[in-house]
Amino acid sequence: NWLMGGEADEATVAMSLGGSPIREKWTNPDVIGTFKSKPADLYKFPIELLAAEIKLAPTEGVTAFGQAIAYKLFAHKVFIVMPTAISPEDRSRLESLCLRNGIGLVVFDLDCDNPNFQYIIRSQASVPDAFYTNQFLDRMKSHNESVLNQLL
(Lines give C-alpha, C1' and ligand atoms only; values in the text may rest on other atoms or scores of the structure.)
Protein backbone atom coordinates (compact mmCIF):
# COMPACT_ATOMS: atom_id res chain seq x y z
CA ASN A 1 0.00 0.00 0.00
CA TRP A 2 2.85 2.37 0.80
CA LEU A 3 4.22 2.08 -2.75
CA MET A 4 0.83 3.08 -4.20
CA GLY A 5 0.17 6.23 -2.24
CA GLY A 6 1.30 8.91 0.11
CA GLU A 7 4.95 9.88 0.01
CA ALA A 8 5.93 7.02 -2.30
CA ASP A 9 3.37 7.11 -5.12
CA GLU A 10 5.69 4.78 -7.07
CA ALA A 11 3.17 2.16 -8.18
CA THR A 12 -0.26 2.10 -9.76
CA VAL A 13 -0.64 -1.56 -8.73
CA ALA A 14 1.40 -3.43 -6.12
CA MET A 15 0.96 -6.81 -4.50
CA SER A 16 2.72 -9.25 -2.26
CA LEU A 17 4.54 -12.01 -4.08
CA GLY A 18 6.81 -13.35 -1.34
CA GLY A 19 7.16 -16.99 -0.33
CA SER A 20 8.69 -18.24 -3.60
CA PRO A 21 5.47 -18.75 -5.56
CA ILE A 22 7.41 -18.83 -8.84
CA ARG A 23 10.00 -21.20 -7.33
CA GLU A 24 12.85 -19.78 -9.39
CA LYS A 25 16.08 -18.39 -7.99
CA TRP A 26 16.76 -14.72 -8.57
CA THR A 27 13.17 -13.88 -9.57
CA ASN A 28 11.03 -13.80 -6.46
CA PRO A 29 10.64 -10.32 -4.96
CA ASP A 30 8.46 -9.92 -1.89
CA VAL A 31 6.43 -7.19 -3.60
CA ILE A 32 5.87 -6.70 -7.30
CA GLY A 33 4.18 -3.71 -8.86
CA THR A 34 3.69 -1.64 -11.95
CA PHE A 35 3.56 2.06 -12.63
CA LYS A 36 1.42 2.78 -15.65
CA SER A 37 -0.61 5.51 -17.29
CA LYS A 38 -4.12 6.12 -16.08
CA PRO A 39 -7.00 6.31 -18.58
CA ALA A 40 -7.30 10.09 -18.05
CA ASP A 41 -3.58 10.75 -18.67
CA LEU A 42 -2.98 12.60 -21.92
CA TYR A 43 0.56 11.27 -22.22
CA LYS A 44 0.63 7.47 -22.15
CA PHE A 45 4.02 6.31 -20.91
CA PRO A 46 5.42 2.77 -20.99
CA ILE A 47 4.68 0.47 -18.07
CA GLU A 48 7.42 0.24 -15.45
CA LEU A 49 7.85 -2.96 -13.46
CA LEU A 50 8.82 -2.54 -9.78
CA ALA A 51 10.29 -5.09 -7.37
CA ALA A 52 10.87 -4.81 -3.63
CA GLU A 53 12.79 -7.06 -1.27
CA ILE A 54 11.71 -6.79 2.37
CA LYS A 55 13.80 -8.07 5.24
CA LEU A 56 12.58 -8.33 8.83
CA ALA A 57 16.01 -9.06 10.31
CA PRO A 58 18.27 -6.00 10.46
CA THR A 59 21.31 -8.19 9.71
CA GLU A 60 20.14 -9.31 6.25
CA GLY A 61 21.23 -6.26 4.25
CA VAL A 62 23.81 -8.12 2.17
CA THR A 63 21.28 -10.79 1.25
CA ALA A 64 18.70 -8.13 0.36
CA PHE A 65 21.23 -6.32 -1.81
CA GLY A 66 22.14 -9.49 -3.71
CA GLN A 67 18.49 -10.21 -4.40
CA ALA A 68 17.79 -6.60 -5.41
CA ILE A 69 20.65 -6.57 -7.91
CA ALA A 70 19.21 -9.73 -9.48
CA TYR A 71 15.77 -8.06 -9.78
CA LYS A 72 17.32 -5.27 -11.86
CA LEU A 73 17.53 -7.82 -14.68
CA PHE A 74 13.73 -7.71 -15.09
CA ALA A 75 12.44 -4.62 -13.21
CA HIS A 76 12.67 -0.93 -14.03
CA LYS A 77 12.81 0.09 -10.35
CA VAL A 78 14.02 -1.95 -7.39
CA PHE A 79 13.72 -1.31 -3.65
CA ILE A 80 15.27 -2.77 -0.52
CA VAL A 81 13.11 -2.41 2.59
CA MET A 82 14.93 -2.85 5.92
CA PRO A 83 14.03 -2.43 9.61
CA THR A 84 15.17 0.81 11.23
CA ALA A 85 17.08 -1.38 13.71
CA ILE A 86 19.80 -1.99 11.08
CA SER A 87 23.20 -1.10 12.55
CA PRO A 88 24.67 2.27 11.53
CA GLU A 89 27.65 0.54 9.87
CA ASP A 90 25.43 -1.84 7.85
CA ARG A 91 23.07 0.99 6.92
CA SER A 92 25.95 3.16 5.72
CA ARG A 93 27.30 0.39 3.50
CA LEU A 94 23.84 -0.47 2.18
CA GLU A 95 23.17 3.21 1.41
CA SER A 96 26.41 3.43 -0.58
CA LEU A 97 25.65 0.24 -2.49
CA CYS A 98 22.11 1.40 -3.26
CA LEU A 99 23.29 4.82 -4.45
CA ARG A 100 25.91 3.28 -6.73
CA ASN A 101 23.39 0.87 -8.25
CA GLY A 102 20.20 2.94 -8.46
CA ILE A 103 18.35 0.83 -5.89
CA GLY A 104 15.84 2.47 -3.58
CA LEU A 105 16.32 2.06 0.17
CA VAL A 106 13.39 2.27 2.57
CA VAL A 107 13.43 1.69 6.32
CA PHE A 108 10.50 0.83 8.55
CA ASP A 109 9.60 0.17 12.18
CA LEU A 110 8.82 -3.44 13.11
CA ASP A 111 5.31 -2.40 14.19
CA CYS A 112 2.48 -4.00 12.19
CA ASP A 113 0.03 -1.24 13.12
CA ASN A 114 2.38 1.63 12.28
CA PRO A 115 5.40 0.58 10.19
CA ASN A 116 6.31 4.22 9.45
CA PHE A 117 8.03 3.57 6.11
CA GLN A 118 10.65 6.20 5.24
CA TYR A 119 12.67 6.81 2.11
CA ILE A 120 16.41 6.87 2.57
CA ILE A 121 17.20 6.67 -1.16
CA ARG A 122 14.75 6.78 -4.05
CA SER A 123 15.03 4.13 -6.75
CA GLN A 124 16.37 5.23 -10.12
CA ALA A 125 14.57 3.84 -13.15
CA SER A 126 16.68 1.80 -15.53
CA VAL A 127 15.92 -0.27 -18.58
CA PRO A 128 15.79 -3.96 -17.68
CA ASP A 129 16.94 -6.75 -19.96
CA ALA A 130 13.99 -7.56 -22.23
CA PHE A 131 14.83 -11.27 -22.24
CA TYR A 132 14.68 -11.52 -18.44
CA THR A 133 11.62 -9.29 -18.19
CA ASN A 134 9.72 -11.50 -20.62
CA GLN A 135 10.97 -14.63 -18.85
CA PHE A 136 9.80 -13.26 -15.48
CA LEU A 137 6.39 -12.25 -16.84
CA ASP A 138 5.97 -15.62 -18.56
CA ARG A 139 6.66 -17.40 -15.26
CA MET A 140 4.18 -15.10 -13.53
CA LYS A 141 1.61 -15.98 -16.17
CA SER A 142 2.22 -19.71 -15.64
CA HIS A 143 1.97 -19.30 -11.86
CA ASN A 144 -1.06 -16.99 -11.69
CA GLU A 145 -2.39 -15.32 -14.80
CA SER A 146 -4.88 -13.18 -12.87
CA VAL A 147 -2.01 -11.56 -10.89
CA LEU A 148 -0.22 -10.82 -14.16
CA ASN A 149 -3.40 -9.31 -15.62
CA GLN A 150 -3.76 -7.02 -12.59
CA LEU A 151 -0.18 -5.85 -12.97
CA LEU A 152 -0.35 -5.18 -16.68
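Colleague: Which residues form one aromatic cluster?
Modeller: W2, F108, F117 and Y119 make up that cluster. This is a predicted model, so local features need pLDDT of at least 70 and side-chain atom pairs count only at pLDDT 80 or more, while totals for chains, interfaces and linings use all residues. Residues are numbered from 1 along each chain as its sequence is written, and side-chain values use heavy atoms, with hydrogens and water left out.

Colleague: How many aromatic pairs does the count come to?
Modeller: Rings of Phe, Tyr and Trp (its six-membered ring) pair if their centres lie within 6.5 Å; planes under 30 degrees apart are stacked, over 60 edge-to-face, the rest tilted. By this rule there are eight aromatic pairs. One of them is F35 with F45, stacked at 5.2 Å centre to centre with 20° between the planes.

Colleague: Where in the chain are F35 and F45?
Modeller: F35 is in strand β2 (residues 31-35), and F45 is in the loop between β2 and β3 (48-54), 10 residues apart. Helices (H or I, at least four residues) and strands (E, at least two) are DSSP runs numbered from the N terminus.

Colleague: And how does F35 count by relative accessibility?
Modeller: F35 is partly exposed at 27%, and F45 is also partly exposed, at 23%. The cut-offs are under 20% relative accessible area for buried, over 50% for exposed and partly exposed in between (1.4 Å probe, protein chains only).

Colleague: What about F74 and F136, what sort of aromatic pair is that?
Modeller: F74 and F136 are stacked, 4.1 Å centre to centre, with 10° between the planes. F74 sits in the loop between α1 (61-71) and β4 (77-83) and F136 in helix α3 (residues 130-143), so the pair ties together parts 62 residues apart in sequence.

Colleague: Are F74 and F136 buried or exposed?
Modeller: Both F74 and F136 are buried.

Colleague: Which residues of α1 are buried?
Modeller: G61, A64, F65, A68, A70 and Y71. Their cover includes β3, β4 and α2 (88-101), where contact means heavy atoms within 4.5 Å.

Colleague: Changing topic, in what order do the six strands form the sheet?
Modeller: The order is β1-β2-β3-β4-β5-β6, in an open sheet with mixed pairing. Two strands pair if DSSP finds at least two bridges between them. β1 (13-16) and β6 (118-121) stand at the edges with a single partner strand each, so one side of each has no neighbour in the sheet.

Colleague: In which sense do β4 and β5 pair?
Modeller: β4 and strand β5 (residues 104-108) pair in the parallel sense over five bridges. M82 stands opposite V107 in β5.
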